[in-house]
Amino acid sequence: LILTSTLIHAFVFGSTWANVSFMRPTDRWPFMPGAPIATLAWNIILAWGFTVLYKSIPGTGLRKGFNYAMLLYILFIPFIELWNYLQLELPFMAVIAGCVCYIISFPLSGIIFAKVFGNSLEQK
């Protein structure tokens with residue numbers, strides 16, 4: 001997620017990416033361990049949700065993971081990005097970059113969850 005986010009934000013902002021400072025500097029020591037830990041925690045929560053909701057998610061196989069991720073995206077990400085835009089005074093392009101990042105990373109995560117957990121959850 002962090003690599004995807006960095007690449008997408010750099011692509012959206014282009015050469016102005018170095019001038020965008022809507023978060024604290026990434027070279028400070030609290031950020032370095034914090035970002036991977038937050039990403040790991042986020043994925044654990046999403047995987048737990050997938051296992052709990054598995055039977056009620058439409059589709060089969062990898063499609064089930066994709067559907068789960070897209071449902072989460074539709075329900076949460078637009079509101080989170082809008083909230084961040086309104087509360088943190090972010091450039092609007094940061095909101096667009098965030099939405100693009102999540103539309104790519106969420107389905108990938110959902111497909112990975114389906115691949116890893118799908119067979120064992122199907123047998124229950």
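View 1. At 46% relative accessibility, L82 counts as partly exposed, a class lying between buried (under 20% relative accessible area) and exposed (over 50%), computed with a 1.4 Å probe on protein chains only. This is a predicted model, in which local features need pLDDT of at least 70 and side-chain atom pairs count only at pLDDT 80 or more, while totals for chains, interfaces and linings use all residues. Residues are numbered from 1 along each chain as its sequence is written, and side-chain values use heavy atoms, with hydrogens and water left out. L82 lies in helix α3; helices here are DSSP runs of H or I with at least four residues, strands are runs of E with at least two, and both are numbered from the N terminus.

**View 2. Helix α3 along its length.** The 27 residues of α3 (residues 62-88) should span 39 Å at 1.5 Å a residue, and the 36 Å between its end C-alpha atoms agrees with this. The expected span is 1.5 Å times one less than the number of residues. At Y73, α3 bends by about 35°, where the bend is the angle between axes fitted to the seven residues ending at a position and the seven starting there. Buried residues of α3 include K64, Y68, Y73, I77 and E81. E89 follows α3 and has a positive phi, near 55°.

View 3. A search of the whole structure finds six aromatic pairs. The rings of F50 and Y54 pair edge-to-face, because their centres are 5.5 Å apart and their planes stand at 80°. Rings of Phe, Tyr and Trp (its six-membered ring) pair if their centres lie within 6.5 Å; planes under 30 degrees apart count as stacked, over 60 as edge-to-face and the rest as tilted. F50 is buried at 0% relative accessibility, and Y54 is buried at 4%. F50 also pairs with F113 in a tilted arrangement, 6.2 Å centre to centre with 40° between the planes. That pair links distant parts of the chain: F50 is in helix α2 (residues 31-53) and F113 in helix α4, 63 residues apart. Ring pairs join F50, Y54, Y68 and F113 into a cluster.

**View 4. K64 over the ring of Y54**. The charged end of K64 sits 4.5 Å from the centre of the Y54 ring. A charge sits over a ring if NZ of Lys or CZ of Arg is within 6 Å of the ring centre and within 35 degrees of the ring normal.

**View 5. Helix α4 and its bend.** Helix α4 (residues 92-122) has 31 residues, which at 1.5 Å a residue should span 45 Å; its end C-alpha atoms are 42 Å apart, which agrees. α4 bends by about 45° at V116.

**View 6. C99 and C101.** The sulfur of C99 is 9.8 Å from the closest cysteine sulfur, that of C101, too far for a bond. C101 is in no disulfide, a disulfide being a pair of cysteine sulfur atoms within 2.5 Å. By this rule the count is zero. C101 is buried, with 3% relative accessibility.

**View 7. The whole chain.** The chain has four helices and zero strands, running α-α-α-α from the N terminus. Of its 124 residues, 30% are buried. Among contacts (heavy atoms within 4.5 Å) with a separation of 6 or more, 69% join residues 24 or more positions apart.
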